[in-house]
Amino acid sequence: MQDQNGKAAHGSPDVASENTAQVGAENSVHFNDHTITQNGHSATTTAGPQSPIDSRAPSPLPTPVQIEPREQWGGKYEFLLSCIGYCVGLGNVWRFPYLCYRNGGGVFLIPYFIMLFVCGVPLFLMELSLGQYGAAGPITVWKCCPLLKGIGIGMLCVSTLVCLYYNVIIAWTFYYLGSSFQSPLPWSCEALANAAICANNTISNSSSGRALSPSEIFWNERVLGVVNSEGLHDPGPVRWPLGLCLLAAWIIIFLCMLKGIHSSGKVVYVTATFPYFVLIVLIIRGATLEGSLQGVAFYLTPDWSRLANAQVWNDAASQIFYSLGIGVGGLLSMASYNKFDNNVIRDTIIITTGNCCTSFFSGFAIFSILGHMAWRKGVPVAKVADSGPGLAFVAYPEALALLPGSVFWSILFFLMLFMLGVDTLFGNMEGITTAVLDEFPQLRRNTLHKSLFLGTLCLFFYLMGLLLVTDGGIYWFTLIDSFSTSFGLIIITLFMCIGISFFYGVDQFCQDIIDMICHCPPWCSKVLIYFKACWVFFTPFLLLFILTYIFIEMYNTSLTYGSYVYPRWGKALGVCMGATCSLQILIWGTVAICKQTGTLKERFQKSIRPLNTWRVNNVNSARAAEEFVEPERVEAPFTVTLTDMDFNAMTWEVGSES
């Protein structure tokens, strides 16, 4: 937490008159012949014969707190594109279409959009508003409620786990992109190495008994090397082609983020728009293929009986969290670089609508190609679709290999995956760097130190990520992927919603949003009524429902990858990952209460009050400085202004509350 002493809440500690008390380094106030010591719970006075002029001599003006100027986006389009790029990721391409297929086709859209409007959009707006109003990262922003500082620490833990494994997907993409420059493609039937396999299909999978395709063999043997590993306990050696791809991926991330949002804000003009171009091209190409309508029909045909299955609702909620990036800290960090008067409600509607439309839109591109693939192989569409990385790196390459000009389409597709992955990783890394730089502002002031910190962070992630590019790395990848954004993330967002609604105050939070919007249109105020109802009642209720289902499913269901069933110790390790993230709330909440004085109830009440430096960063905006309003409750130490009449009219008692 940054130093809070000597800073008036209005950001003007150097303005004083003869009757203005000044706060010194010891949190004491000197006025004429009176000295008041403020400890957060008591005040005492001393009197002496000194004159007013002499009394001010031993109390020099405190040095004003230096507010480190924060970077700001070069324009609103940079912020919008960065958020869209962060939200629109690999989950939109393979995860959403697969969940539609697994959960009854088009009927999945009903719980999906219910979860979107009741959980996704309200929590998305809450994160953007909190970051923009507080102008701080995931940790420092909780000066609004010090009891919940652990939410920011938990977000940092989740971001760390996500960054650890997410760049491995980009490394796989690099490997496939490099392999796509061969003609014929190494996973196609035209390749000499695959001629015998495609001719007789005699190589079968021991778990399913079906014949393995060349794309599956390429994925399992050439890329992952998983056939050389027995499981989680047997990672084996690092696969250095993948290790070099992972190194290249982290170097690109480092260079793109070297100058902060000024560099990454320009990169997103390409990385956030290029995937849409590729999706449009793939849809047009897919629509001309034989059997494409069969795939689209499979994608949209509803199975109404699935609505009664709790798994469908859980999948819908998990996709909303996965796709929008809620509770990871990236949204909060990117919004903290906005101008104070940015219309955050408008941005929320644009970004969430664009993200979900992209998910639905990409389904047509994917299933039209899968429909053609099913027609060529003479099997139902259900037999060629798979979940997770298997869909992106097995089914899609195989489908692309069937297209005329397969090399071109393969290069285009894996370039799209690369752009999608890089944008999402930008947001996750921004959440980590912003949180650390806000807690240690000296790093922000020194460009060299900031660059060294970013380089060290990328190097750390690279070295840790080497475990995931070993022969058994896919087992560790699946473990981290399954538990990093599971119950721990739901608990973090649940406490964020409860903390803002009931501790900070939902009415105060809505007023903060209105204050940020320069000329709040009437529709904004009306929409906030709906969001207020969600934050107070509907969203916490649904989050508790999802959390309950996750715990039941986690207890009754084994974690598997293909035919491999994870051992109990492996699953316990995954649970520890999620618990580590969520337990930060309890740990730092206990620390915040212990720092206070008084009874347990008084400690709790003090720890949920905003610190007087909560709104300090807002003075970076000229409009915010003009309209700045002191919160009703502030945490000591704070500036006290007294006159002689105060002492004549009031009796100060030692130990009384200030």
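Q: Which helix does Ser318 lie in?
A: Ser318 lies in helix H12. Helices here are DSSP runs of H or I with at least four residues, strands are E runs of at least two, and both are numbered from the N terminus.

Q: Before we go on, what kind of model is this, and how are residues numbered?
A: This is a predicted model, in which local features need pLDDT of at least 70 and side-chain atom pairs count only at pLDDT 80 or more, while totals for chains, interfaces and linings use all residues. Residues are numbered from 1 along each chain as its sequence is written, and side-chain values use heavy atoms, with hydrogens and water left out.

Q: OK, back to Ser318. Buried, exposed or partly exposed?
A: Ser318 is partly exposed, at a relative accessible area of 24%. Buried means under 20% relative accessible area, exposed means over 50%, and partly exposed is in between, with a 1.4 Å probe and protein chains only.

Q: How far is Ser318 from Ile490 in space?
A: The C-alpha atoms of Ser318 and Ile490 are 9.3 Å apart, and the two are 172 residues apart in sequence.

Q: And the rest of H12, mostly covered or mostly open?
A: H12 is mostly covered, with eleven of its 15 residues buried. Among them are Gln311, Asn314, Asp315, Ile320 and Phe321.

Q: What span should H12 have, and what does it have?
A: The 15 residues of H12 should span 21 Å at 1.5 Å a residue, and the end C-alpha atoms are 21 Å apart, so the two agree. The expected span is 1.5 Å times one less than the number of residues.

Q: What comes just after H12?
A: Gly325 does, with a positive phi of about 70 degrees. Gly325 is also one of the residues nearest the centre of the largest cavity, along with Val162, Tyr166, Tyr322 and Thr424.

Q: How many residues line that cavity, and which elements contribute?
A: The lining has 18 residues. Helices H2 (76–87), H3 (90–102), H5 (149–179), H12 (310–324) and H16 (406–439) each give two or more.

Q: What volume does it have, and how many cavities are there of 30 Å³ or more?
A: The volume of the largest cavity is about 200 Å³, and the count is six cavities of 30 Å³ or more. A cavity is a set of points on a 1 Å grid over the protein atoms alone where a 1.4 Å probe fits but cannot get out, and lining residues have an atom within 4 Å of a point. Points are joined across faces, edges and corners, and the volume is the space filled by probe spheres set on them.

Q: New topic. Which residues does a cis peptide bond join?
A: Ser183 and Pro184, with omega about 0 degrees. Pro184 is in the loop between H5 and helix H6 (195–200).

Q: Which residue other than glycine has a positive phi?
A: Ala135 has one, near 50 degrees. Ala135 is in the loop between helix H4 (109–134) and H5, and is buried at 9% relative accessible area.

Terms used. 1 Å grid on protein atoms, 1.4 Å probe; cavity = no way out; pocket = protein on both sides within 12 Å on 5 of 7 lines; lining within 4 Å.
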